[in-house]
Amino acid sequence: MIESLLVANRGEIARRIIRTARSLGIRTIAVYSEADAELPFVLEADEAVCVGPANPAQSYRNTQAILDAAKQTGAQAIHPGYGFLSENADFARTVAEHGLIWVGPDPDAITAMGDKINARNLMAAAGVPVAPGTADPAATVDDALSAAKEIGFPVMVKAAAGGGGMGMAVANNADELTEQYEKVRGFAERMFGDGAVLIERYFPRVRHVEVQILGLADGTVIALGERECSVQRRNQKLVEESPSPALTPDQRERLLAAAVRAGEAVGYRNAGTVECLFDPATGDFFFLEMNTRLQVEHPVTEAVFGIDLVEAQLRVAAGLPVQFDPAGLVSRGHAIELRVNAEDPKRFLPGPGAIKTWVEPAGEGVRVDSGYAEGNVVTPNYDSLMAKVIVYAADRAEAIIKAKEAVAAFELTGPKNNLPFFAELLDNAEFISGDYDTALVSRMR
């Protein structure tokens with residue numbers, strides 16, 4: 001097993017990785033920005049190195065500073081968590097060139113899946129269903145209009161290099177497409193350094209369902225069930241659950257098989273997620289993208305399968321068998337995750353600030369992955385995620401009840417937070433029925 005691990009991330013995911021690593025007897029090293037010096041993940045690591053100021057480009061995305069920290073502390077491996085450098089193929093290659101173990105997929109797989117157009121074409125060739133759309137970037141507005149005419153309105157305008165729900169817009173007609181094309185292209189150039197745009201069919205009523213895959217050290221790719229991720233604001237997830245209440249057994253079987261094919265098509269190793277759109281009207285699903293990293297919502301998969309995905313990641317990276325029998329895994333019960341963000345619960349605008357009260361819910365079937373504690377300050381420099389509340393029960397109805405109790409028990413004052421929204425959602429008839437889609441939050445607001 002790996003003996004020392006540098007966690008190239010912050011907040012709840014750094015703390016969560018450190019927890020598993022220490023349980024395995026692995027020495028842990030945190031890197032942190034000046035703004036994060038007092039956060040729990042820094043205090044809980046065996047060693048900690050400041051890698052720069054609050055600006056992520058000068059700290060958590062500063063590859064040289066992170067590599068220097070690894071050398072300074074004698075780290076054997078680097079786990080990137082999610083976000084920041086986790087899907088940076090160049091960084092992954094550099095880690096390997098420095099003789100370190102990269103806890104993630106092969107850089108070539110990251111590259112192959114990092115461009116949405118290339119990923120679409122690879123998946124189509126592998127027999128994975130893809131939504132009607134462009135096989136090449138729409139280089140001009142006229143190209144976009146021509147594609148939309150063939151696909152049919154409404155269409156989704158997407159940044160080819162985008163991710164995390166960013167760089168996407170819906171166009172219902174030619175005028176809207178002309179406007180949104182320029183906006184998305186400009187945004188993509190500023191945010192991703194790549195203005196390539198693709199056009200896809202937009203489904204007005206659709207669900208976002210993803211599959212957790214794991215590429216094992218022996219080359220086998222397995223699917224660890226699916227997660228329902230349709231509770232979203234601005235195309236970004238707020239709630240995830242497993243299993244999805246939308247799928248029939250046959251649909252689930254087809255979806256998981258397609259996800260395995262997707263992983264096999266790029267020789268995938270380690271943890272990854274195949275994200276799909278599911279059309280409840282037809283029962284069809286379409287490849288959306290592959291996230292070549294650990295997902296924020298991985299705990300719901302851990303809950304229903306009774307495994308530790310971070311431990312599995314570390315074992316695969318070390319070339320070892322995983323801690324469970326891949327052929328004997330069975331999903332049991334139901335899990336729900338709520339992302340507790342420092343944002344107002346109505347318009348979901350960021351609301352950072354000092355934490356005055358922080359009392360987490362507890363009890364059987366309740367797990368909290370948190371990045372903060374009482375007295376810490378949520379700064380505007382990073383994502384607004386403060387904690388994740390994960391509940392597990394025998395069935396979905398019981399899990400919803402448990403989630404409501406956990407939300408009510410979470411005492412949090414100081415920064416604005418979205419706990420009141422979750423209280424509203426968990427009483428919403430549409431959510432309770434399980435028959436909801438990605439527009440649920442907009443209907444509630």
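How many bridges pair strand E12 with E13, and in which sense? Seven, in the antiparallel sense, with E12 covering residues 270–279. Some notes on this and the rest follow.

1. Ground rules. This is a predicted model, where local features need pLDDT of at least 70, side-chain atom pairs count only at pLDDT 80 or more, and totals for chains, interfaces and linings use all residues. Residues are numbered from 1 along each chain as its sequence is written, and side-chain values use heavy atoms, with hydrogens and water left out. Helices (H or I, at least four residues) and strands (E, at least two) are DSSP runs numbered from the N terminus; two strands pair if DSSP finds at least two bridges between them.

2. The eight-stranded sheet. It's an open, antiparallel sheet, ordered E13-E12-E9-E10-E11-E14-E19-E17. Its edges are E13 (284–291) and E17 (366–370), each pairing on one side only. From one strand to the next, the twist averages 25°.

3. Axes are lines fitted to C-alpha atoms (for helices, over the stretch in contact), and angles run from 0 to 180 degrees between N-to-C directions.

4. H7 against H8. The axes of H7 (residues 141–151) and H8 (residues 174–192) come within 10 Å, crossing at roughly 135°. H7 and H8 are therefore oblique to each other (under 35 degrees is roughly parallel, over 145 roughly antiparallel, 65 to 115 roughly perpendicular, and the rest oblique). Val141, Ala144, Leu145 and Ala148 of H7 meet Ala174, Leu177, Thr178, Tyr181 and Glu182 of H8.

5. A covered strand. Four of the five residues of E8 (residues 197–201) are buried, meaning under 20% relative accessible area with a 1.4 Å probe, protein chains only. E8 pairs with E6 (residues 155–159) over five bridges in the antiparallel sense, and Met156 has Glu200 in E8 as its bridge partner.

6. The parallel sheet. E2 (residues 27–33) pairs with E3 over five bridges, and Ala30 has Ala48 in E3 as its bridge partner.

Notes. Contact = heavy atoms within 4.5 Å. Buried < 20%, exposed > 50% of the residue type's maximum accessible area, 1.4 Å probe, protein only.
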